[in-house]
Amino acid sequence: MTAPTLAREQFVSFAPHSAEEVSEKQLRVNIDESVTSPVVLYFLTGIFWLVLGSLAGLVAAVKFNLPDWLGSTPFLTFGRIRPVHLNAVMYGWASLAGAGMIVWLTGRLCRVAVQKTWALYFSVIVWNVGVLFGVVSLVFGYNQGMEWLEFPKPAGALIAVGFLFFAYSMISTFRKRQVEHLYVSLWYILASLLWFPILYVVANLGIYSGVTEAAMNWWFGHNALAVWFTPVGLAGAYYFIPKVIGRPIYSYYLGLLGFWAFALFYNWNGIHHLVGGPLPTWLVTVSIVASVMMFVPVMAVAVNHHLTTVGHFRMLKYSPTLRFVVFGSMSYTAVSLQGSIESLRSFSEVAHFTHYTIGHAHLGVYGFLSMILFGAVYYIMPRIAKWEWPYPRLIKLHFWMSAFGIALYVVAMNIGGWIQGTMMNNAALPFIASVNATKPYLWARSVGGSMMLIGHLAFAYQFLLIIYRSGPTRYVPAWFDLRSTAEKVEEKQAL
Amino acid sequence: MSLPIAIVIIVSFLVVGGALTLAGFVWAVQKKQFSVKQLNEGAKLIFDDDEPIGTPQDMVFKSSANDSPNPR
């Protein structure tokens, strides 16, 4: 496949006014060029796992309503396909795409070409081999039996090695930084680089058993979101919202206050998953207190992002990146406040062990993190591929499928889960009554999941087009609704 | 492994995580990351003369002012 050639001026499209401006523009171009291949590899492989993981998730979801469907094929049974979904989207999509975004952001925020790129190539290969090995193991029924830690230990070890090489490159870049001040996104990135390896290695030590294993399991399960996915998502939001709007973050002081409150409280949250379990009461109570204290950093982020966007909401009509990232940021506020309330013992009495928790988890990993990652990919790729997104309508399809899909999913699971919990707490009702009552909501979940999968296919297709620099040549931004008014798009036959 | 020992291990890791975070905070204070000057300028770090404050940046191909939803 041959792509048409455009001069660099058409990509960077600037008219230099001074030597300094040329230098800053050139610096950005140099930084982007230093990471082009690794970032594309992180994104490409991440999107592969996204599509595979979504498909597996949809199969698992349909099985709730049609339990015999594909039941005679061992590797498609629920006990295998569900962990495939979970681990493919967690260690494949979210982690790899997050790593790609971090690589690009670190270069931009340190204002230096990314260092040790060989470590990134090694990282992305080893990481993917680890995920592939883990997924194949799950398909064949090898499972550690702990949620979020289903991969066999060799797979976990490969992923850990991949992460360490990725972190080595990022820290090397940080040490060569050409800026004195660390932007708030960089704080979140550095925190994730520090905390996640400790978390992942400790959780995989294999020295726990019984109740302690359960405690470690949920310390890890929640902290995977807390110290890896959340910092990644917030780093993206703190960069892309002000950058796209062209307005500095409303209160930088509040941004840093939010980060340090986040660092202080979030690490302690995981044990609230074991409310009512056989753990020392004080341990669970400490976790609940820390969960409620998360109101502080969450509100700091929510207020900051909202007040930064105020007065610029009309840009949501045009900008794909802003639309995805603002959706993600709003979801962060919603899921965090929901999580704090969910940790309370009185709330857990109903919501615990129901579909409510599944809805909550998806609001976090998808509504918050994935939507921000989608926005990041839409922002970053044209800059490193030097090619605009060919079809804004596909981006629009992706957004609405994802947004409506996750909204339907979360609402259905929250309502259905609450009904389920209420009925399970009623000793006069048979257990099967709670199962039957959730059936409509489970169908709604499958519909929501199907919509998300359609969005992912549109996203994956367009991603392939942009890395091959294929599709119509575009001389204007791939904004929504711009094409009809500008009439400056030169359509070329798709190559 | 008995339950108390395992809990001590888990809590130890929580404390280690907290200690590392505290060390990062001390480092930041020593490097004057929270000085008034740095805090006042920090938010502008993602902008430069070529991508200045006040200009939407969600574009590689900058269209003309007439096409822009946020004209300069």
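Mentor: Here are the ground rules, then the labels one by one. This is a predicted model, where local features need pLDDT of at least 70 and side-chain atom pairs count only at pLDDT 80 or more, while totals for chains, interfaces and linings use all residues. Residues are numbered from 1 along each chain as its sequence is written, and chains are lettered from A and ligands numbered from 1 in the order in which they are written.

Trainee: How many helices and strands does chain A have?

Mentor: Chain A has 17 helices and 0 strands, counted as DSSP runs (H or I, at least four residues, for helices; E, at least two, for strands).

Trainee: What makes chain A as compact as a globular protein of that length?

Mentor: The globule rule is 2.2 Å times the number of residues to the power 0.38, and the radius of gyration is taken over C-alpha atoms. For 495 residues the rule gives 23 Å, and chain A has a radius of gyration of 23 Å, so the label holds.

Trainee: Why are α7(A) and α13(A) called oblique to each other?

Mentor: Their axes, lines fitted to C-alpha atoms over the stretch in contact, with angles from 0 to 180 degrees between N-to-C directions, cross at roughly 45 degrees and come within 10 Å. Under 35 degrees counts as roughly parallel, over 145 as roughly antiparallel, 65 to 115 as roughly perpendicular and the rest as oblique; α7(A) and α13(A) are therefore oblique.
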